[in-house]
Amino acid sequence: MIRFRFGLTPVHDIQPWGGDTPSLSWFSLTDGWYDIEADGHRLFRHGADGTSVDYYVVRLWEDVLDVLPQALEPVPADLVAFMAGGHTQWLPADRPDTEAAAAWYGQHALDTGYLRAAPHIRWWRTTAEAGDDLMTVTWAPDPDSDTDHDGSAGRLILPTPDFVAAVTALHHDLLAAMEERVTALEATGPPPGVHIDLRHLRHEQRDRATWLGRALERACDTDWAAVGAGARLLVPSPPP
C-alpha cells in the first residue's frame with residue numbers, strides 16, 4: 001500500500017559539480033527522480049503531466065531514514081489525537097514543555113523543505129493491547145502548489161511491518177543500484193574530464209549500506225512528561 005519509487009540518471013547525463021575541476025560524488029551520482037505511492041496516490045506528482053521530483057534520490061533516502069526512529073516509536077494513547085491533528089504551526093507558547101511537544105510533533109514529518117511547494121508528509125505508529133501495530137501516513141498539498149493530490153489531503157493506515165518493508169526496499173534498491181554504478185566506474189574510470197575519488201566512493205558505498213540498520217537500532221529519548229504537558233497547552237494557529 002506504500003512504495004518508494006525512483007530512477008537514476010545515466011552517469012554520462014549527470015551534470016558534474018564544480019567549475020574548473022568538475023567532479024561527481026556518491027551523492028551527486030544519485031541524480032534522478034523519485035516519488036512515493038500511497039494507497040494509489042502519487043505524493044510528489046506535479047501538474048497534468050504527472051511528473052515526479054527531479055532531484056538526488058539520496059535526499060529522499062536520507063530523510064526517510066532520519067525520521068524512521070521517531071516514526072517507529074509508538075505514540076501513547078493520550079497523544080494520538082494531538083499527533084493526528086494535522087497542525088502546521090501553533091500560536092506562540094514560549095515554554096520548555098510546549099517547545100518539547102512541538103518539536104516531537106515535527107520530528108514525525110518528512111523533510112521536504114528543499115523542494116518548491118512540496119507536500120507535507122507525516123507518519124506515526126500506534127499499538128494496542130489487542131495486538132494491533134499500525135503506521136499512519138498522512139499527506140497534504142502545499143496550498144501554494146500545483147501538486148496533484150487528487151484535490152485533497154489523504155491518510156493511509158497500514159501494518160507497521162509493511163511500512164518497514166517499504167523503507168527496507170527503498171534502502172536495498174538504492175544501494176543495489178549504486179553498487180552497480182560504483183562497480184562500473186571502478187572498471188571504466190570516471191567520464192572524460194570529470195574527477196571521481198573512486199577509493200572514497202567505494203568507502204561511502206560500504207558505509208551507507210549500514211545506515212538502515214543504524215536507523216532501526218537508534219533509540220529515541222522522548223521526555224513524555226514534557227511532551228504530554230506541552231501538547232495540552234499548545235493552541236493551533238488559525239488558518240490565514
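W123 touches I2, F4, I36, V64, V67, A71, H108, L110, M135, T136, V137 and F163, leaving aside residues up to four places away in sequence; a contact here means heavy atoms within 4.5 Å. This is a predicted model, where local features need pLDDT of at least 70 and side-chain atom pairs count only at pLDDT 80 or more, while totals for chains, interfaces and linings use all residues. Residues are numbered from 1 along each chain as its sequence is written, and side-chain values use heavy atoms, with hydrogens and water left out.

W123 also turns up in the largest nonpolar core, which has 49 residues; I36 and W123 have the most contacts inside it. A nonpolar core is a set of buried Ala, Val, Leu, Ile, Met, Phe, Trp, Tyr and Cys residues joined through side-chain atoms within 4.5 Å, and buried means under 20% relative accessible area (1.4 Å probe, protein chains only). Helix α1 (residues 57-72) gives the most to this core, with ten residues. Helices (H or I, at least four residues) and strands (E, at least two) are DSSP runs, numbered from the N terminus.

Now for the sheet. It is open, with three strands in the order β5-β6-β7 and antiparallel pairing; two strands pair if DSSP finds at least two bridges between them. β5 (120-127) and β7 (154-159) each have a single partner strand, so one side of each is left without a neighbour in the sheet. Strand β6 (residues 133-140) pairs with β7 over six bridges, and W139 sits opposite G154 in β7.

Methods: Buried < 20%, exposed > 50% of the residue type's maximum accessible area, 1.4 Å probe, protein only.
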